[in-house]
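Please read the points below alongside the sequence and the model.

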Amino acid sequence: MSGYVDVHCHVAALPTKDNGCRISEKMLKSPAARMVATLQGLPLDRPEEANEKYLAKLISEIESSKKLSKAVALAMDGVYDSSGRLDEAHTEFVISNDYVASACRKSPRLLMGASVNPKRRDALDELSRVASLGAVLNKVLPNAMVFDPADKALGPVWKKMADLGLPLLSHIGFEFTLIGHDQSVGFPERLIPALEQGVKVIAAHGCSNGVFFGEPHLKTMDEMMAKYPNFYVDLSALTLPNRVGALLRLARRPELAGRFLFGTDYPLPCLSYPALAGGLGAFWGAFTAGNKFDTQAAVLEGLGLAPAADPAKVLRL
Ligand SMILES: [Zn+2]
């Protein structure tokens with residue numbers, strides 16, 4: 001099957017008796033959680049039903065897409081303390097690796113995106129375990145997971161990922177939807193130690209900063225791409241107003257397309273208005289696509305920015 005592979009597609013799930021997921025009271029009442037529930041029509045008081053519904057909708061949107069072949073469904077690990085134990089008080093939510101593995105068994109269109117916080121004491125074992133479950137990458141969000149990817153103590157984790165051929169997908173920029181801590185851990189240069197260990201690294205959101213003005217990380221991205229052939233970016237979330245500035249700048253860089261991977265940041269919206277920069281025809285194509293993944297594809301293609309990195313060469317397929 002040809003078509004794009006969305007490397008950045010979130011799974012949302014409420015905790016049940018045995019799915020290993022968690023959510024804090026604060027998160028459950030947050031505008032972000034409520035927005036997802038409303039948009040996806042999820043009953044927050046009936047977890048099993050809400051979880052089933054979310055997955056069914058995701059799978060049907062993938063199946064009805066004309067442009068997408070598969071999507072990497074992402075887990076989300078929690079916060080770990082200095083002894084590597086789960087810090088329940090600071091963990092807003094967890095989408096467990098086992099839940100995502102079970103979701104991926106429901107459809108051949110879903111690929112497992114594991115999430116292993118490199119600070120957890122059993123990180124090496126968990127990486128081996130998720131690899132055996134079929135994980136195609138490891139997703140982290142340093143700002144929310146409260147760790148610094150440049151921390152020297154994490155060397156063995158990056159080495160293990162390189163040995164397993166498991167790429168690292170890391171959030172870049174400011175984090176609004178989760179309660180941010182030290183935002184500088186989301187800067188792309190913090191990922192250099194993983195690149196140096198030979199890990200394929202995918203910086204999320206086209207290295208955009210996510211705060212409406214200025215894109216300080218794009219220069220760093222250029223330097224890192226020149227130096228590390230194993231450095232990629234995904235183009236997820238770039239139609240959102242706080243990241244569209246980066247999208248328009250990346251659109252002027254067709255020579256980098258071989259480092260760009262397709263992504264949406266599902267269930268976040270994919271908006272068609274940035275395609276106006278590619279002309280009315282491009283905008284109309286995006287506006288009438290009728291499917292989130294196809295809207296994202298039409299915007300990127302309309303801006304001459306069709307991501308051209310071969311997912312088979314980046315992901316652990
Ligand atoms: Zn995301």
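1. Buried here means under 20% relative accessible area, exposed over 50%, and partly exposed in between, with a 1.4 Å probe and protein chains only. This is a predicted model, in which local features need pLDDT of at least 70, side-chain atom pairs count only at pLDDT 80 or more, and totals for chains, interfaces and linings use all residues. Residues are numbered from 1 along each chain as its sequence is written, and side-chain values use heavy atoms, without hydrogens and water.

2. Helices (H or I, at least four residues) and strands (E, at least two) are DSSP runs numbered from the N terminus. In helix α9 (residues 217-227), the buried residues are H217, L218, T220, M221, M224 and M225. They lie on the same side of α9 because they cover an arc of only 150° around the axis, taken from the directions from the helix axis to the C-beta atoms. K219, A226 and K227 are exposed on the face turned away from that buried side.

3. What covers the buried residues of α9 includes α8 (192-196), β9 (231-234), α10 (244-250) and β10 (260-261); contact means heavy atoms within 4.5 Å.

4. Y273 sits in the loop between β10 and α11 (280-287). Its relative accessibility is 33%, so Y273 counts as partly exposed.

5. The structure has zero disulfides, a disulfide being a pair of cysteine sulfur atoms within 2.5 Å. For C9, the nearest cysteine sulfur is that of C270, 9.6 Å away; C9 is buried, at 0% relative accessible area. The sulfur of C21 is 13 Å from the closest cysteine sulfur, in C104, too far for a bond. C21 counts as buried at 6% relative accessibility.
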